[in-house]
Amino acid sequence: MSAKSQISNVTHPKSVAAIYAQMDWIKTGVAIFSQDLDLLFANKTIRSYLPVLYSALDSGISLKDGIARQVDELSPDSSIKDRSKRVEYIYNTILNSGTMEVSTSNGRRIKSTYDKTPDGTYVITTSDVTEPFRNEKMLAKAKIDADAANKTKSEFLANMSHEIRTPLSGVFMAAQILQQQLRMTQQTQLSDLADILVSSSQHLSAIINDVLDMSKIEAGQVEIATSESSLRDMLQDIKKAQTPVANEISLKLELVLDPNLPERFMIDSSRVRQCVSNLVSNALKFTKTGTVTIAALFDIETDMVTIHVVDTGVGISPDEQKDVFDQFAQAKKDSSSTHMGTGLGLTISRNLARLMGGDLTLKSELGKGSIFSLTFKSEPVVANTTLSSEAA
């Protein structure tokens, strides 16, 4: 039964010819093929998209040969082998009821969907997606340009890190000396101003260090340099350094170490210290009452160290958790916060953790505190007992 006779059997007040005529006015291209892939109907829209194909089909050649003529017209510079592969791909996409996009000879981009009805008839619908396609290409190009500009900026800042840090160190050192001299001479008012200068220098130094570290990471200029270190001693040092801060705000700072934690590891101690110190500092900032706990574990099967920093603070809502590791996340959320920083600390720590073969993750519940878990690959240092056994 032909497509026209099939349509005529459907209860409809208009004739088949009228239906076909109306289909020529719609903006979507429509074509109908028989079970044997003979063309039964194609409206004006779809013919305007692929004139070579439908002109060939009207002359009685097969669909596959018609596709070949259209491919030859669209890709004249391609090799015969490539054009043959393209024909096979299009033909199989039709047979398998797929979807595909193609650019036409007049610069349009069309999207075709191929459907097979229960009785075996093939229906093809084609629409013009030129504008969305162009917009997508423009956005992709804009992203590439933005990424290139960002990389250039990062490389510049990374290369300028020494030039930026050196004068800042001079300002900070001079401020400290001035502060000490004024205290010795008991010039209270000037000493208070010197205190502000030292504090501001410290804050500025922390901000610049974060920005420069992030720039180095983005520019691919951060390398992990491992050496033999004591993780126990490092964590105890961090606890000692942060305990006065915790005491000042009436918090308990605790350290829990896995009994199986090896005495020494091959790790990048400066990067591990940077990550843990940042996590502990954040926990103390956002915890009003209770405890901040540093807990270190070691998995001997995976050589993975996990350091949890657990607090009983305000917690983080599910909506904010997905953004907490984004650059400048803290700065974006509340410009009036008393805990303002660059918002780069967690971003830097996560990037460093990944460079060390691990990650930085978060579990939190609003009002019930947070758990930041830092993981990184390590290599325990086995004590050399050869000399002691020979001496014995």
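What pLDDT does the protein chain average? The average is 83, and 86% of the residues score at least 70. This is a predicted model, and pLDDT is the predictor's confidence in each residue.

Over residues 1–11, pLDDT stays under 50. The model has 13 contacts beyond four places in sequence for residues 1–11. Residues 385–392 also stay under 50. For residues 385–392, the count of such contacts is 0. Where pLDDT is low, the predicted coordinates should not be read in detail.

Now turn to the largest nonpolar core. This core holds 41 residues. Three of them, Leu231, Val272 and Ile307, touch the most other members. Helix α11, residues 269–285, gives the most to this core: 7 residues. Take a look at Leu231. Leaving aside residues up to four places away in sequence, Leu231 touches Leu261, Glu263, Phe265, Ile267, Val272, Val305 and Ile307. Another core lies apart from the largest one. It has 23 residues, including Ala31, Phe33, Tyr91 and Ile94.

Next, find a pair of helices. Helix α9 spans residues 188–218, and helix α14 spans residues 345–355. Their axes come within 10 Å and cross at roughly 35 degrees. The crossing of α9 and α14 is left-handed. Which residues make the contact? From α9 come Asp210, Asp213, Met214 and Ile217. From α14 come Gly345, Thr347, Ile348, Asn351 and Leu352. The residues of this contact divide into 4 nonpolar, 3 polar and 2 charged.

Terms used. Residues numbered from 1 in each chain as written. Predicted model: local features only at pLDDT ≥ 70, side-chain atom pairs only at ≥ 80, totals over all residues. Heavy atoms only, no water. Axes fitted to C-alpha atoms, helices over the stretch in contact; angles between N-to-C directions. Helix = DSSP H or I, 4+ residues; strand = E, 2+ residues; numbered from the N terminus. Left-handed = near helix turned anticlockwise from the far one by under 90°. Contact = heavy atoms within 4.5 Å. Nonpolar A, V, L, I, M, F, W, Y, C, P; charged D, E, K, R; others polar. Core = buried A, V, L, I, M, F, W, Y, C linked by side-chain atoms within 4.5 Å. Buried < 20%, exposed > 50% of the residue type's maximum accessible area, 1.4 Å probe, protein only. pLDDT = per-residue confidence, 0-100.
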